Amino acid sequence: MTAALALEPTVQVALITAGSTVGVALIGVLVELVRRQGNALSEVAENVQVARDHVANTHDTNLRDDIDSLMHRIDRVIDAQGVHGRELAALREDMAHERRERLAVAERLDDHIAADAA
């Protein structure tokens, strides 16, 4: 060995000790990071399970199919309400026409009774 590469034994021990200390510290940091990641993954897994429980069907049909069927039924109800609205408007119109005719008949009757009384 050359003199430039030869280190005193105490320097060698100090370097090995320092390197070991840094290595142990790095291992500790890595273990803590892995533990935190594990905790975070566990929390995500719990949240995913909760979400899954909320959207999972307990029967044989698919949730999307159920929603599509429900939307179709709602559309039918809205269409029926439109028909009912038009029918109600026609009934109101008929009632208004009948009211006008009744008032006209009552007025003619009043006029006839007044003419007979005179």
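Is leucine 70 buried, partly exposed or exposed? Leucine 70 comes out as partly exposed, with a relative accessible area of 48%; on this scale buried means under 20%, exposed means over 50%, and partly exposed is in between, using a 1.4 Å probe and protein chains only.

Before going further, a word on what you're looking at. This is a predicted model, where local features need pLDDT of at least 70 and side-chain atom pairs count only at pLDDT 80 or more, while totals for chains, interfaces and linings use all residues. Residues are numbered from 1 along each chain as its sequence is written, and side-chain values use heavy atoms, with hydrogens and water left out.

Leucine 70 sits in helix H2. Helices here are DSSP runs (H or I, at least four residues), numbered from the N terminus. H2 covers residues 63–117, which is 55 residues, and spans 79 Å from its first C-alpha to its last, close to the expected 81 Å (that is 1.5 Å times one less than the number of residues).

Together with Val55, Leu63, Ile67, Met71, Ile74 and Ile78, Leu70 makes a nonpolar patch of about 580 Å². To join such a patch, nonpolar side chains (Val, Leu, Ile, Met, Phe, Trp, Tyr) must be within 5 Å, on residues with over 30% relative accessible area and no salt bridge. H2 gives the most to this patch, with 6 residues.

Now for the charges. The whole structure holds 3 salt bridges, each being a side-chain nitrogen of Lys or Arg within 4 Å of a carboxyl oxygen of Asp or Glu. Aspartate 68 is partly exposed at 37%, whereas arginine 64 counts as exposed at 52%.

Over in helix H1 (residues 9–55), glutamate 32 pairs with arginine 35 at 2.4 Å and with arginine 36 at 3.0 Å, so Glu32, Arg35 and Arg36 form a salt-bridge network. Arginine 35 is 3 residues from glutamate 32, and arginine 36 is 4 residues from glutamate 32.

Note on methods: Helix = DSSP H or I, 4+ residues; strand = E, 2+ residues; numbered from the N terminus. Patch = residues over 30% accessible without salt bridge, like charges linked within 9 Å, V, L, I, M, F, W, Y side chains within 5 Å. Areas by Shrake-Rupley, 256 points an atom, 1.4 Å probe, with all protein chains shown as cover.
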